[in-house]
Amino acid sequence: MDQATVYVVGAGPAGLFAARKIATAGHRVLIFNRDVKLGGLAEYGIYPQKFHMKNGLRKQFAKILAMPNVDYIGNARVRSDERLTIGELRDWQPKAMVFAVGAQGTKKLGLAGEDSKGVYSAKDFVYHYNRLPPFASQDFSSGRRVAIVGMGNVMVDIARWLMVDQPGEKPDEVTVVARRGPFEVKFDRKEFDEIETFLDRALFREELSRVAEAVRAVGQDVSQIAETTFPWMKTEPDSPPKSKLTFRFLASPVGIESGENGRIERLRVVENVLVRDGESTRPKVTDKETSLEVDTLIFAIGDLADPTLGLPYGKNSYVTNSDPAEPDRAAYEVFDPASGKVLDGVFVVGWARKASEGLVGKARFDAEQGAGHILKYLEGAEVKSSPSAEEILQGMRSRGIEAVTKEDISRLGQAEAQQAESLGLPEFKFSTNEEMLRAIGAKVAS
Ligand SMILES: Cc1cc2nc3c(=O)[nH]c(=O)nc-3n(C[C@H](O)[C@H](O)[C@H](O)COP(=O)(O)OP(=O)(O)OC[C@H]3O[C@@H](n4cnc5c(N)ncnc54)[C@H](O)[C@@H]3O)c2cc1C
């Protein structure tokens, strides 16, 4: 077996499926992961109640980690200004490096008041309720009137959490704020089925009347809504729900006002009209401004690649190569605009390559496609000798990085399963790294 090592950075679906393909071809793979646990958004993004899907993925991931030529170093964030940098990884001479770090950058709209209390990014909010440290123990309190900006599946998950599964008080009203109209929703019907009983039909009809003329300008007819994007308008829930789900279409946020306690009190929006843009539509802002009284605001508008990682960064994403002769391969290669060259043996896959694009199946497809190109690259790559995973691990621990191994992860799984059983819960997750490290045992302590 070829003992030269390929480093995979990130152990979400993309990193793990890329690792499996590369390891199956006989290469040794060492995975570095920011979180103690593996899984990325499959563990810390996918809705907590989707036990079946999450457990299915966990089983597949555990099998990948159990491959004899796959090693794992968790709790090891790679970052340009931290103790573990890309330069350091490169010094260990891997045969190739695959970055599968997902989309960890936060899209900011640059609004006045964006840093007010009660204003969150969807990613941080779902990390919180999925119990990813340190978000799990931070304050993500929500109030009585919540606005969620965006109309995709992540909005649906957050609305569901707030109105159905969050412990304690539920909000009176959750308002979905969208730049475009009722025909441009991005969520899947199956997902919205989970919250459709909360949709306040009367208020929704009022909102449709409000935007009827604006959407008619692009040939849309609100009387057709039940036949197109809102089939739930054909039915009425049996009893009025505790929380109301409402929509505010054709509205772009422009400012946030907070009260004396620093918490958001008002979201200012400008009204939009819709214009045709080829097959699609585009919002165009007007000068008409209005505001919504809210105490919580969550932006569910997608994420960006993390600029602090240390890879060449372009407009919101890592810079990749473009080669008209082989565009498919080039799209996975990292390109350095400063030197005008491809970074030899450095690749990106999954959401790190295309932020917030698609479900796990798509991230897996992208990673396996990328891994195919990486395997071709490895055929001609120089055989280098890198330190063993154990040597790297010991070096990191001696510098105080509390890195964990795949054996530690398996012990952690057992400890969490025992906790779940003794508490009678379907699952249990430790919500701080300290608790996880303690459960793993003294071996980890530096
Ligand atoms: C709220 C939400 C709900 C979703 N629900 C579903 C669903 O129901 N079904 C479905 O199929 N898909 C769902 N998805 C999509 C799915 O989660 C993604 O398609 C998939 O997780 C992307 O995989 P990835 O590996 O590219 O990135 P991620 O899953 O984000 O994994 C990135 C990994 O990289 C690590 N990492 C990050 N930065 C660093 C660093 N600097 N150094 C080292 N490691 C690092 C992270 O710790 C993580 O392990 C959902 C997504 C979200 C946001």
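Me: Which residues does Phe-247 touch, not counting residues up to four places away in sequence?

Reply: In this predicted model, Phe-247 touches Met-151, Thr-175, Val-176, Phe-187, Phe-192, Leu-199, Phe-204, Glu-207 and Phe-230; contact means heavy atoms within 4.5 Å. Residues are numbered from 1 along each chain as its sequence is written. Local features need pLDDT of at least 70, side-chain atom pairs count only at pLDDT 80 or more, totals for chains, interfaces and linings use all residues, and side-chain values use heavy atoms, with hydrogens and water left out.

Me: What makes a set of residues a nonpolar core?

Reply: Its members are buried Ala, Val, Leu, Ile, Met, Phe, Trp, Tyr and Cys residues joined through side-chain atoms within 4.5 Å, where buried means under 20% relative accessible area (1.4 Å probe, protein chains only). The largest such core has 95 residues, and Ile-31, Phe-230 and Phe-247 have the most contacts inside it. At least three residues come from each of domain 1 (5-104 + 304-444) and domain 2 (108-301), bounds that come from an automatic or database domain assignment.

Me: Why is Glu-184 said to have no salt bridge?

Reply: A salt bridge requires a side-chain nitrogen of Lys or Arg within 4 Å of a carboxyl oxygen of Asp or Glu. The nearest side chain of opposite charge, Arg-180, is 4.7 Å away, so buried Glu-184 has none.

Me: How do you know that the side chain of Glu-184 makes a polar contact with the side chain of Thr-281?

Reply: The distance is 2.7 Å, and a polar contact is a pair of N or O atoms within 3.5 Å, one able to donate a hydrogen and the other to accept it. The side chain of Gln-220 also makes one with that of Glu-184, at 2.8 Å.

Note on methods: Buried < 20%, exposed > 50% of the residue type's maximum accessible area, 1.4 Å probe, protein only. Lys, Arg positive; Asp, Glu negative; His and termini not counted.
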